[in-house]
Amino acid sequence: MTANHISSFTLGSFNGDMGYLQGINQRAMKRAILGAEGKFNLISTDWKWETFAGYDEMDITSKTPGD
């Protein structure tokens, strides 16, 4: 520093310069479920059936707002 004629310099902190941070998090879940069951007789035999279907969707948003 002496050779470059620097007598002082400012030292800072990145985190201190950022200020208070607050995250914004949002979640939305969608779900659809369908089920059915039944029975029938075919050629003197008894049959049973069951079916099920499902659909799920999740939307997630995460933001850090700026000043």
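This is a predicted model: local features need pLDDT of at least 70, side-chain atom pairs count only at pLDDT 80 or more; totals for chains, interfaces and linings use all residues.
## Contacts and overall make-up

The protein has one helix and two strands. Read from the N terminus, the order is α-β-β.

## The hairpin

Strand β1 covers 24–42 and strand β2 covers 45–63. The two run antiparallel, and 19 bridges join them.

Together β1 and β2 make a hairpin, with two residues between them. Ile43 sits in the turn and has a positive phi of about 50°.

## Surface and burial

How much of the protein is buried? Buried residues account for 0% of its 67 residues. The accessible surface is about 7000 Å². Carbon and sulfur atoms hold 54% of that surface.

## A nonpolar patch

Which residues form the nonpolar patch on the surface? They are Phe40, Leu42, Ile43, Trp47 and Trp49. Together they have about 570 Å² of accessible area. Both strands take part: β1 and β2 each supply at least two residues of the patch. Ile43, the turn residue with the positive phi, is also a patch member.

Trp49 lies in strand β2. Why does Trp49 count as partly exposed? Its relative accessible area is 39%. Buried means under 20% and exposed means over 50%, so Trp49, at 39%, is partly exposed.

Note on methods. Residues are numbered from 1 along each chain as its sequence is written. Side-chain values use heavy atoms; hydrogens and water are left out. Helices (H or I, at least four residues) and strands (E, at least two) are DSSP runs, numbered from the N terminus. Buried means under 20% relative accessible area, exposed over 50%, partly exposed in between (1.4 Å probe, protein chains only). Accessible areas come from the Shrake-Rupley method with a 1.4 Å probe; for residues, only the protein chains shown count as cover. Patches are made of residues with over 30% relative accessible area and no salt bridge: like charges are joined within 9 Å, nonpolar side chains (Val, Leu, Ile, Met, Phe, Trp, Tyr) within 5 Å. A salt bridge is a side-chain nitrogen of Lys or Arg within 4 Å of a carboxyl oxygen of Asp or Glu. Two strands pair if DSSP finds at least two bridges between them.
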